[in-house]
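Subject: Structure for your review

Dear colleague,

Please find below the structure that I am handing over to you. My findings follow directly after it.

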Amino acid sequence: MSERIAAYGDHKNDGLMQLAFTLPVPKTRAGRQAAVALVEGMGLGDVHVVHAEELTEGFTYFIVYALNPNTVEFDGTADQRSVDEQLTHDEIEALIEKGVGRPLTVVGASTGSDTHTVGIDAILNLKGYDGHHGLEAYRWFKAYNMGSQVANGDLVAKALEVDADAILVSQTVTQQGLHVQNLTQLVDMLEAEGLRDRIVLCCGGHLISDELAKELGFDAGFSKGTYPHHVAAFLARSWIERLQDAEQPAHVGG
């Protein structure tokens, strides 16, 4: 069931939005007027500056409330699976132990012409990112990081070699839509090998959204703000659902 919803301020659907931004202006009356004009230019009304703070000389940080007349259709019953589930390291370990009963094998790489491994390293390597350790730190994941500029064929071959349960693809820097071509090619190769439905397939990068990933044939896409435990929880949930829903083979080569 869907409904039209608006932004929330003081009470549900009142249309009030909170915006935060910095302008290269001094903390003066003229600076506040500039902030109001900027927000009004977005088509929002009833604009109020509720906080202004000088960050350094000539730069001011503003928090503004404004009225947004737009609403959006929201279907609360559609695709309730989260891609950023907030489970702890221990909760994820316990989930896999109970729901799958064996470690999940994951192969990841930055593929195509992408030379950057910062994304895939953050998710897979022990060091992780911002205090969140990667999948190598989990007892119930066996992670293989193939690095950068990996051909899709080599990635598929590695997944077969290690009997992978999931493939992670990172596309950090791309141009002219190369990431779309590369990701599409990988899906086509997996389908040609008869592996697509037997593996959890995810991609990530600042140009990747969950919607784009699913449109291209992936199970999920992870973008900015993703930490290893988000991906780990998704992989665990996905495999448990697969094992519960159907008599799917538990391994690529199974």
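An open sheet is formed by five strands in the order S7-S6-S8-S9-S10, with parallel pairing. Because strand S7 (141–145) and strand S10 (220–222) stand at the edges with a single partner strand each, one side of each is left without a neighbour in the sheet. From one strand to the next, the twist averages 20°.

The model is a predicted one: local features need pLDDT of at least 70, side-chain atom pairs count only at pLDDT 80 or more, and totals for chains, interfaces and linings use all residues. Residues are numbered from 1 along each chain as its sequence is written, and side-chain values use heavy atoms, with hydrogens and water left out.

Some terms used here need their cut-offs. Helices (H or I, at least four residues) and strands (E, at least two) are DSSP runs, numbered from the N terminus. Two strands pair if DSSP finds at least two bridges between them.

Within the sheet, strand S6 (residues 104–110) runs parallel to strand S8 (residues 166–170), and five bridges join them. One of the residues concerned is Ala109, whose bridge partner in S8 is Val169. Helix H4 (residues 152–161) lies across S6, S7 and S8 and runs at about 165° to S6; axes are lines fitted to C-alpha atoms, for helices over the stretch in contact (heavy atoms within 4.5 Å), and angles run from 0 to 180 degrees between N-to-C directions.

For the chain as a whole, the secondary structure comes to seven helices and 10 strands. The C-alpha trace spans about 70 × 45 × 35 Å along its principal axes. Of the 254 residues, 42% count as buried, where buried means under 20% relative accessible area, exposed over 50%, and partly exposed in between (1.4 Å probe, protein chains only). Among contacts with a separation of 6 or more, 66% are between residues 24 or more positions apart.

His179 has its place in helix H5 (residues 178–192) and is buried, with a relative accessible area of 10%. Not counting residues up to four places away in sequence, His179 touches Gln171, Thr174, Leu207, Ile208 and Leu212. His206 is found in the loop between strand S9 (200–204) and helix H6 (210–216), and its 44% relative accessibility makes it partly exposed. With the sequence neighbours up to four places away left out, His206 touches Gln171, Thr172, Ser223 and Lys224.

Glu97 belongs to helix H2 (residues 89–99) and is partly exposed, with a relative accessible area of 43%. The C-alpha atoms of Glu97 and Arg139 are separated by 9.6 Å, while the two residues are 42 residues apart along the chain.

Finally, there are two backbone details to note. Most residues other than glycine have a negative phi. Asp46, which lies in strand S3 (residues 45–56), has a positive phi, near 50°. Gln149, found in the loop between S7 and H4, is not a glycine either and has a positive phi of about 50°.

With kind regards
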